[in-house]
Amino acid sequence: MKIEIFDDFDLKKIADSGQCFRFNECGDGYEVVSSAKHLFIKKTGEFEYELDCSSDDYEDFWKNYFDLDLNYKDIRGRIDKDKDNYLYCAAEYGKGIRILRQDPWEMLISFIISQRKNIPAIKASIEKLCAAVSKDIGTDREGNTIYAFPTPEEIAGLSDEQLASCSLGYRDKYVRQAALDVVSGAVKLDEWGNASDEELMNGLLGLFGVGTKVANCEILFGYHRLDAFPKDVWINRVLELKYPNGFNFEKYAPYNGIMQQYLFYYSRSNGLI
DNA sequence: AGGCAGGTTCTTA
DNA sequence: TAAGAACCTGCC
């Protein structure tokens, strides 16, 4: 099916923004995998995109996944070119990025894995984890089998050897414990969706292997709470160098997480500053 | 060959 | 409470 999107939708920027790890260029479009669903999406005109899914699938899932009901253009419009020129430039450069509505479980495991890894290594580990369970959900445009992201039960059911084969390193025990916590019911990710920001943060920090950075990534990308502001090494450098007197979090609430994405993407793409 | 990559935990003072 | 070391693995 075809859809039209008139502003703030750039597949390449989203793929490179660091929020998703199974969103890759494939042939003349992008292959997107989320939980047990996948989509091939291709830009076919200035505002036109072709998706290889039914209109029901689009309405029920992908429209929401791409966060197409939020007006990012208006949010960018809050940035004052004169008062914060660096953020303005970052937002102009990153125009087209959206915060995807991804699955909390998949994001939790993905960001636990992300610690002290670069993006290619994170992607490789996640693909190995999916392949270890091998739940075949289709084929991409280059003929590769696509595997669903494993459920908590499936990860809990992997042997130590299988888990070790995913290049998780010392993070394997974090991944294992998170799966066991969800399977046992000690951690209820769905219910956390209704919790207050503070309760959600405290719950996440209680997980083995989850600190403030991973927790904030989970809150922003897994729960789509757009005010979360994960501070990684890049963002910390930006804050240090460009905002010695502090970033104006009050001004951009409740969308600081979107500003974080612009700053992150801009600083990384330019080898920083 | 040694250092480092989107951090967190554990230990020590 | 805060600083420092240790941690898996892969890649330059």
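Begin by selecting Asp67, which is found in the loop between helix H2 (55-65) and helix H3 (72-76). Asp67 has a positive phi of about 55 degrees, although it is not a glycine. Helices (H or I, at least four residues) and strands (E, at least two) are DSSP runs, numbered from the N terminus. The model is predicted: local features need pLDDT of at least 70 and side-chain atom pairs count only at pLDDT 80 or more, while totals for chains, interfaces and linings use all residues. Residues are numbered from 1 along each chain as its sequence is written, and chains are lettered from A and ligands numbered from 1 in the order in which they are written.

**The five-stranded sheet**

Select strands E1 to E5 next. They form an open sheet with the order E1-E5-E4-E3-E2 and antiparallel pairing; two strands pair if DSSP finds at least two bridges between them. Strand E1 (2-4) and E2 stand at the edges with a single partner strand each, so one side of each is left without a neighbour in the sheet. From one strand to the next, the twist averages 30 degrees.

Within this sheet, strand E2 (residues 23-26) is joined to E3 by four bridges, and the two run antiparallel. Asn24 has Glu31 in E3 as its bridge partner. Two residues lie between E2 and E3 in their hairpin, and Gly27 in the turn has a positive phi of about 60 degrees. Moving on to E4, five bridges join E3 to this antiparallel strand, and Ser34 has Lys37 as its bridge partner there.

**The two domains**

Colour chain A by domain: domain 1 covers 2-94 and domain 2 covers 104-222, with bounds from an automatic or database domain assignment. The domain centres, taken over C-alpha atoms, are separated by 23 Å. Domain 1 gives 12 residues to the contact and domain 2 gives 15 residues, where two residues are in contact if their C-beta atoms, placed from the backbone, lie within 7 Å. On the side of domain 1 that touches domain 2, the elements giving two or more residues are strand E3 (29-34) and strand E4 (37-43). By class, this side of domain 1 has five nonpolar, five polar and two charged residues. In this classification Ala, Val, Leu, Ile, Met, Phe, Trp, Tyr, Cys and Pro count as nonpolar, Asp, Glu, Lys and Arg as charged, and the others, Gly among them, as polar.

**A second hairpin**

Proceed to strand E6 (residues 136-139) and strand E7 (residues 145-147), which run antiparallel and are joined by three bridges. Gly138 has Ile146 in E7 as its bridge partner. Five residues lie between the strands of this hairpin, and Gly143 takes a positive phi near 90 degrees.

**The DNA strands**

Display DNA strand B and the 20 residues around it, of which Gly18, Gln115, Asn118, Gly211 and Val214 come nearest. A residue is near a molecule or strand if its C-beta atom, placed from the backbone, lies within 6 Å of it. Which helix gives the largest share of the surface near DNA strand B? Helix H12 (residues 212-222) does, with four residues. The residues of this surface divide into eight nonpolar, eight polar and four charged.

Then turn to DNA strand C, which has Arg116, Ala121, Ala164, Ser167, Gly169 and Tyr170 around it. Three of these residues are nonpolar, two polar and one charged.

Select Ala253 and Pro254, which are joined by a cis peptide bond with omega of about 5 degrees. Pro254 lies in the loop between helix H14 (249-252) and H15.

Axes are lines fitted to C-alpha atoms, for helices over the stretch in contact, and angles run from 0 to 180 degrees between N-to-C directions. H4 contributes Leu87, Cys89, Ala90, Ala91, Tyr93 and Gly94 to the contact, and H15 contributes Met259, Gln261, Tyr262, Leu263, Tyr265 and Tyr266. These residues divide into 10 nonpolar, two polar and no charged.

The contact is made by Trp234, Ile235 and Val238 of H13 with Gln260, Leu263, Phe264, Ser267 and Arg268 of H15.
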